Amino acid sequence: MREGARLPGVDDGGDEPEPIVLHVDADCFYASCERLREPALRGEPVVVGMGYEADETVGAVATASYEARAFGVESAQAISSALERLPRRADCADRPDLDEDATGYYRPVDMEFYQSVAADVRTILHECADVVREVSIDEAYLDVSERTAWPVAEGFARHVKDRIRREVGVTVSVGVASTMSVAKIASDFEKPDGLTVVEPAAVREFLAPLSVDLLYGVGPVTARELRRMGLETAADVAETDPKPLVDAFGERGRELYERARGVDDRRVEPTGVPKSFSRESAFDASLEAPGPKRETIRTLAAAVAERATREGALYRTIGIKAVTPPYDVHTRENSLPGPVDDPDLVERTALSLFAEFERERVRKVGVRLANLEFAAGEQTSLEGWDGEASVPVGEDTVSTDEQSAGRRRGGQSTLVDFANDEHD
Ligand code: DCP
Ligand code: MG
């Protein structure tokens, strides 16, 4: 299906063509919304938050326009700190000591209005992409593999930006890459009103000089830890021996290492309706012996089948993934003539699809059920190969039992803890 998006001569190291992923993030979103209904705020320092009126002193900044950020105001800051850095323009009349040019406009949070603007942006995003995954009020991933091709991807992204500016009136920054994590870093690269395209062949070069803080999933605590290990940049992480990373951070350490190398095989899954259930498991060392790998496949097959049963899902496709060194991702799948709920079939099919890899060195394996059909009203959370859970449902994607079963039965493997967001 995505063949058209594949560049001749580009070897993606796997069986699938390189997707084209856009990460779209609105610039100082709440402040941009305020400017929509109050154009006089354009070009001015604007702070949106709570607690700045005379009778309230407790509150925080939700966001600040880039003009206000120049004064040191930022999201999540105590409102009192913001007011110290940037007093209110409204106070100028009573305070002759204030320099009007060093003051800003403060506005209260009006979620209903911001939601309506976000909905307008979302409509455009859905018109521009086949798959849209909304991750917050002002942020989404788009899979546009079938809408464009690498040589013209920049023009396509510009078209998306222009439509949002023209039709809604806010600016967004866009990152274009073959993976979700690089697209996200790219959208932040030239904010505000940014557009950064990282072609598949340029990923390592793009990531190399970036500070470890910018890597997907790294917060201040992890960054400090990485610096203690002498790792300052993505290149440092990419070139290091992954073992100390895994020792320090577990599965996240391996993921960090992969992300620093530009490896991220998550697909953009649409918000709301699960497309697939999957579980995967990494090995501490690339294994050649077939026994433990088959055992892990069994564990993973049981876990995904149990998940499907629990969620009332029938499936028509059973697939596996095998990642071989260095980072070659192989996927195989079987489609059934009709939807089933059959854990034994999942195990048999997964083992048989995996047979071609069982004597190879394998770093990671996965089992996936797709082409889902739900009994009415039973769908819950969303999960793809990486299992990133959808926002609204507070359910664990992997239960504690499954995790410990994975460790016990999988021998040298651990079930992936699927959370991909900031952990610090
Ligand atoms: N938000 C909030 N509190 C925070 C962070 C964000 O209320 N601590 C709200 C206000 C933001 C919106 O979420 O406008 C989107 O968050 P972003 O992190 O995308 O921040 P902005 O869109 O404001 O700025 P940027 O241009 O950096 O994306
Ligand atoms: Mg934003």
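This is a predicted model: local features need pLDDT of at least 70, side-chain atom pairs count only at pLDDT 80 or more; totals for chains, interfaces and linings use all residues.
A bit of housekeeping: residues count from 1 along each chain as its sequence is written, while chains are lettered from A and ligands numbered from 1 in the order in which they are written. Local features need pLDDT of at least 70, side-chain atom pairs count only at pLDDT 80 or more, totals for chains, interfaces and linings use all residues, and side-chain values use heavy atoms, leaving out hydrogens and water.

**Around ligand 1**

Let's start with the ligand. There are 14 residues around ligand 1, and Cys28, Thr63, Tyr66, Arg69 and Asp138 come nearest (near means that a heavy atom of the residue lies within 4 Å). The shell divides into seven nonpolar, two polar and five charged residues; here Ala, Val, Leu, Ile, Met, Phe, Trp, Tyr, Cys and Pro count as nonpolar, Asp, Glu, Lys and Arg as charged, and the others, Gly among them, as polar.

β1 (21–26), α1 (29–37), β3 (61–64) and α2 (66–69) each supply at least two residues of that shell. These names come from DSSP runs numbered from the N terminus: helices are H or I with at least four residues, strands are E with at least two.

Some side chains make polar contacts with the ligand (N or O atom pairs within 3.5 Å):

| Side chain | Distance to an oxygen atom of ligand 1 |
|---|---|
| Asp25 | 3.0 Å |
| Asp138 | 2.9 Å |
| Lys191 | 3.0 Å |

On its own, ligand 1 has 540 Å² of accessible area, and the protein covers 69% of that (Shrake-Rupley method, 1.4 Å probe).

**The five-stranded sheet**

One open sheet has five strands in the order β5-β6-β1-β7-β8, with mixed pairing; strands pair if DSSP finds at least two bridges between them. At the edges sit β5 (131–136) and β8 (195–197), each pairing on one side only. Within this sheet, β1 and β6 (residues 139–143) run antiparallel, joined by five bridges, and His23 stands opposite Tyr141 in β6. Helix α6 (residues 180–189) packs on the sheet, touching β1, β5, β6, β7 (172–177) and β8 (contact means heavy atoms within 4.5 Å).

**The three-stranded sheet**

The other open sheet runs β3-β2-β4, again with mixed pairing. Since β3 and β4 (105–107) are edge strands with a single partner each, one side of each is left without a neighbour in the sheet. Strand β2 (residues 46–49) pairs with β3 in the antiparallel sense over three bridges, and Val48 stands opposite Thr63 in β3. Helix α1 packs on this sheet, touching β2, β3 and β4.

Terms used. A polar contact is a pair of N or O atoms within 3.5 Å; within protein, one must be able to donate a hydrogen and the other to accept it, and residues adjacent in sequence count only if both atoms are side-chain atoms. Axes are lines fitted to C-alpha atoms, for helices over the stretch in contact, and angles run from 0 to 180 degrees between N-to-C directions.
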